Amino acid sequence: MLLLLILSACKDSQHSSSLINIGFAQGLGNHPWRQAMNHAMEIQASLHSDVNLTISKADGSIKKQINDIQKMIDDNLDIIIISPLDPNALVPVVERAYAKKIPVILLDRKINSDKYATYIGADNVEIGKEAAQYILSDSKNLKKVLEIKGDDNSSPTTERSLGFEQTLKNNPNVELIKTFRGLPVETFRKTLDSLGNQNLYVFSFNDELASKAWQVARNAGTENQIKFIGVDGLNTEDGGIQLVLDGKLNATLLYPTGGTEAIESAIKIHNGETLPKRIKLSTTIIDRLNAEIMRNQFDKIIEQQGVIENQVNAVKQQTKLYSSQKELFRWSVVLLILMFCLIAYAIYLIYAIKIKNKQLTLTNERVTIQRNQIEMIADELKESNEARVNFFTGLSHEFKTPITLILSSLESIKDSFKSKGTKPAYELELISKNSNRLLRLVDNLLDFRKIENKTFNLRVSKTNIYDFTYGIFRDFENEAKKRNIKFEITSSNKNIELYIDRNLMDKVYFNLLSNAFKFTPDNGKIEINIQDKGNQVAISFKDNGIGIPEKEISNVFEAYFKGSNNRKNSSGIGLHLSRQFIELHLGKIEVSSFQGTEFVISLYKGNKHFNEDQMVKEASVTDAETLAKNSVYSDFDDEGFIHSAPNDNERYSLLLVEDNTDLSFFLNNKLTAEFDVMISDGTDAIDKALSEIPDIIICDVNLPDKNGFEICEILKNDLRTSHIPLILLTALDNKESYLQGLKSGVDLYLTKPFNYPILIQSLRALLYNREKLRYYYTNNIGKIVDSKSFGSIEQTFVNKLNQIIKSNIDNPDFSVENLADLLNISRIQLYRKIKAMFDVNVSDYINNIRLEQAKSMLQNPELTISEIAYKTGFSSPNYFSTVFKNKFGVSPNVFRKSAGEN
């Protein structure tokens with residue numbers, strides 16, 4: 001059976017190799033005569049199942065036709081048929097085909113070479129002569145003739161012109177007036193006009209030119225005095241035969257395409273037959289006497305061709321169906337054989353598996369027991385490890401509240417020393433130093449957890465790297481002086497600016513410098529050097545300390561690594577975190593150790609290596625020159641803050657929501673100097689906010705009942721409290737918490753531990769901005785509708801408020817109670833809301849809108865003062881005038897006169 005399949009496949013291979021591959025390089029593409037040639041070839045090729053015809057159209061491009069022929073040569077086709085565009089340009093490529101022994105058949109047109117198998121086409125010289133004889137035989141009167149030939153140098157153009165002009169040359173009854181190359185319409189029309197009503201004949205080298213010439217004559221009104229003769233004689237809607245029947249042409253010469261003959265000649269050449277060098281196609285004249293007969297004959301031929309095409313397509317379909325069925329049969333046989341083989345193999349396997357199964361069952365039972373035990377132990381270890389990590393992470397968060405209290409208390413003590421003009425005690429600096437160290441250790445624990453969970457997000461800003469480095473350098477100067485360590489910072493360019501996450505880079509610097517001071521002996525040396533290196537900046541931290549053993553230097557950035565020569569306490573995560581932070585900046589950190597240790601950080605310049613959501617705008621760091629003027633112990637300078645407490649009548653109310661008693665007590669004592677403070681532990685925060693309507697709220701995030709985000713969202717979505725500025729205090733400093741705070745509507749997000757002067761200044765800034773906004777809108781009542789400065793809830797409230805007032809502006813009885821009812825809130829709540837937003841009572845607000853409307857109406861001279869007063873809801877013109885003058889300083893009459901003059 002397999003042998004039969006192989007023999008069948010060999011037969012198919014032989015059949016495919018016996019195909020005659022014929023390529024036809026058509027010079028022109030869209031001309032009807034060319035399309036008829038292509039169609040005749042396709043029909044004739046379809047009659048031979050062993051012929052594979054490929055037609056390439058050059059569309060009038062000589063270069064493309066040369067490329068088409070070259071591709072046919074490269075594809076090693078059996079026969080190449082060419083209808084040349086140019087007699088000279090195609091000679092080299094035709095001769096290359098001849099050299100490769102590929103027969104070339106020229107169709108319709110010739111080339112200036114004899115390296116081809118045969119030429120097929122009508123005798124174009126004879127066509128020119130027949131056209132001339134037709135004109136001579138038409139009558140014996142003197143005839144004027146115009147010749148319109150092709151605009152190329154092809155052999156049909158040259159030969160037709162030769163035959164036509166030779167026949168007319170010596171005949172006294174004919175005068176060849178002019179020969180046109182192509183059809184220049186304007187020149188041809190002028191020639192017709194100059195000849196007048198003479199016995200005129202126009203011979204065009206194809207029916208298309210003849211039709212266009214007839215149209216020119218028709219436009220000139222001389223078509224009936226001229227006889228037109230064309231060439232091609234196509235049986236199409238716009239072909240020569242139809243033009244003769246329509247009376248446009250007197251005659252056309254049948255010019256056969258030769259497509260059928262070309263295919264037949266190609267088959268004969270492939271079969272080894274010898275053909276003459278030229279195969280002449282017959283032609284004839286078609287005029288009104290035989291046009292109808294010729295059309296009928298062509299119609300029958302076309303009909304027969306259609307029948308043949310349908311039959312050929314049916315045969316192809318059957319052949320294709322047979323081939324697919326034969327292929328299916330082959331594969332069925334193969335699958336059947338394979339199936340029998342598989343069945344036999346399956347029987348063998350069943351027998352073998354039965355034996356193995358008994359052995360495997362016992363083994364599987366033992367493995368299953370062991371696997372279950374391992375999974376149980378792994379789950380317990382995973383839960384234990386996760387619980388331990390979560391415990392330390394949560395504990396680290398809890399550290400931040402007492403650290404806040406420590407640092408804030410220190411700030412207060414330092415402030416009292418400053419006010420007395422004395423320097424803080426050393427113990428205070430010691431407390432401050434160790435508190436900050438504790439804070440960095442807590443941050444390291446939290447950062448390590450973030451690195452493990454891959455939840456870090458960069459927030460880079462443009463930073464002068466020298467000023468940034470110098471600021472941290474100053475923090476270590478005191479330590480260097482105490483231990484007599486030569487501590488220096490140098491830079492090749494002090495104006496280099498990089499995009500860095502200042503928070504993360506601060507931690508990298510502190511880790512590297514802390515290690516340098518930890519392992520450098522007294523009287524040693526530590527250097528920071530910044531080098532500009534093209535598109536990168538290198539920052540090196542070099543010391544002459546104990547160094548790192550050569551075998552261990554590749555492990556220094558691994559988590560929990562501790563050098564063999566390290567006798568000091570160390571968590572082993574500082575350098576690991578530093579490398580992670582540098583890599584987040586797409587930079588690198590390298591280490592070398594020889595007579596000490598040197599760490600080199602390489603960072604890219606510019607911001608193209610960061611995403612847009614990673615970039616933020618931050619204030620510039622304090623420049624090095626300013627820092628250099630301050631003493632080593634200089635702390636946060638709060639001279640820019642306003643210390644004088646406002647008068648009692650200007651005090652703002654503040655709601656402090658904090659569940660930590662110590663922090664709440666501390667902030668209450670500090671804030672009482674400037675604010676009327678109300679305290680909540682979080683359980684009654686919303687109730688207090690709604691009942692007291694404070695001017696500003698400070699709220700912690702971690703609270704016993706609702707968290708700070710939830711409280712903020714509730715208050716910001718309540719019309720009664722949506723205008724109140726709200727500051728969130730939290731130990732959560734990740735991107736997700738920050739975004740959650742923004743979504744809940746928080747006005748300011750401060751992370752613990754916070755600096756009290758920053759907190760107090762933030763409170764003042766928020767209240768000051770609210771006052772500016774209130775002042776602007778109190779003086780621009782009429783412009784509020786299109787403003788986006790309020791929040792969405794306030795904006796909706798103001799829009800509705802103004803709309804209700806304006807719709808009732810002419811009603812003198814419209815009261816505050818009516819307005820509150822239409823807004824669905826109580827009179828007291830409406831009073832508090834308007835007072836908080838605009839610092840005016842509700843009645844004044846209504847009057848302000850009425851006065852603004854009246855002010856606009858006063859610019860219309862057609863309205864009287866009384867009419868304006870009543871239209872804006874005032875009970876009398878006198879009352880209106882009094883209120884208007886109190887508001888704007890002038891009476892309505894004076895205002896109208898001044899507005900008219902302007």
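**First selection: Ile 696**

Leaving aside neighbours within four places in sequence, Ile 696 is in contact with Ser 653, Leu 654, Leu 655, Ile 724, Pro 725, Leu 763, Leu 766 and Leu 767, where contact means heavy atoms within 4.5 Å. The model is a predicted one, in which local features need pLDDT of at least 70 and side-chain atom pairs count only at pLDDT 80 or more, while totals for chains, interfaces and linings use all residues. Residues are numbered from 1 along each chain as its sequence is written, and side-chain values use heavy atoms, with hydrogens and water left out.

Ile 696 belongs to strand E22 (residues 696–700). Helices (H or I, at least four residues) and strands (E, at least two) are DSSP runs, numbered from the N terminus. Is Ile 696 buried or exposed? Ile 696 counts as buried because its relative accessibility is 0%; buried means under 20% relative accessible area, exposed over 50%, and partly exposed in between (1.4 Å probe, protein chains only).

**Thr 730**

Next, select Thr 730, which lies in strand E23 (residues 726–730). With a relative accessible area of 0%, Thr 730 is buried. Which residues does Thr 730 touch, not counting those up to four places away in sequence? They are Asp 700, Val 701, Tyr 749, Leu 750, Thr 751 and Lys 752.

**The whole protein**

The protein has 29 helices and 24 strands. Of its 902 residues, 42% count as buried. Among contacts with a separation of 6 or more, 70% are made by residues 24 or more positions apart. The protein exposes about 48600 Å², and carbon and sulfur atoms supply 51% of that area; accessible areas come from the Shrake-Rupley method with a 1.4 Å probe, and for residues only the protein chains shown count as cover.

**Salt bridges**

How many salt bridges does a search of the whole structure find? The search finds 30, a salt bridge being a side-chain nitrogen of Lys or Arg within 4 Å of a carboxyl oxygen of Asp or Glu. The following pairs are among those to display.

- Select Lys 64 and Asp 68, whose side chains meet in a salt bridge (3.3 Å, N to O). Because they are 4 residues apart in helix H3 (residues 62–74), about one helical turn separates Lys 64 and Asp 68. Lys 64 is partly exposed at 35% relative accessibility, whereas Asp 68 is buried at 14%.
- Select Arg 278 and Asp 123, which form a salt bridge with their closest N and O atoms 4.0 Å apart. This pair links distant parts of the chain, 155 residues apart: Arg 278 is in strand E11 (residues 278–281), and Asp 123 is in the loop between strand E5 (118–122) and helix H5 (124–138). Arg 278 counts as partly exposed at 32% relative accessibility, while Asp 123 counts as buried at 18%.
- Select Glu 590 and Lys 588, a salt bridge in which the closest N and O atoms are 3.8 Å apart. Glu 590 is partly exposed at 40% relative accessibility, and Lys 588 is partly exposed with a relative accessible area of 42%.

**A negative surface patch**

Move to Glu 375, Asp 379, Glu 380 and Glu 383, which form a negative surface patch. Patches are made of residues with over 30% relative accessible area and no salt bridge, with like charges joined within 9 Å and nonpolar side chains (Val, Leu, Ile, Met, Phe, Trp, Tyr) within 5 Å. Within this group, Glu 383 is found in helix H11 (residues 291–420). Its relative accessible area of 57% makes Glu 383 exposed.

**Positive phi values**

Asp 59, a residue other than glycine, has a positive phi near 55 degrees, and it lies in the loop between strand E2 (51–57) and H3. Asp 232 has a positive phi of about 135 degrees although it is not a glycine. Where is Asp 232 placed? Asp 232 lies in strand E9 (residues 226–232) and counts as buried at 7% relative accessibility.

Technical notes: Lys and Arg count as positive and Asp and Glu as negative; His and the chain ends are not counted. The place of a charge is taken as NZ of Lys, CZ of Arg, CG of Asp or CD of Glu.
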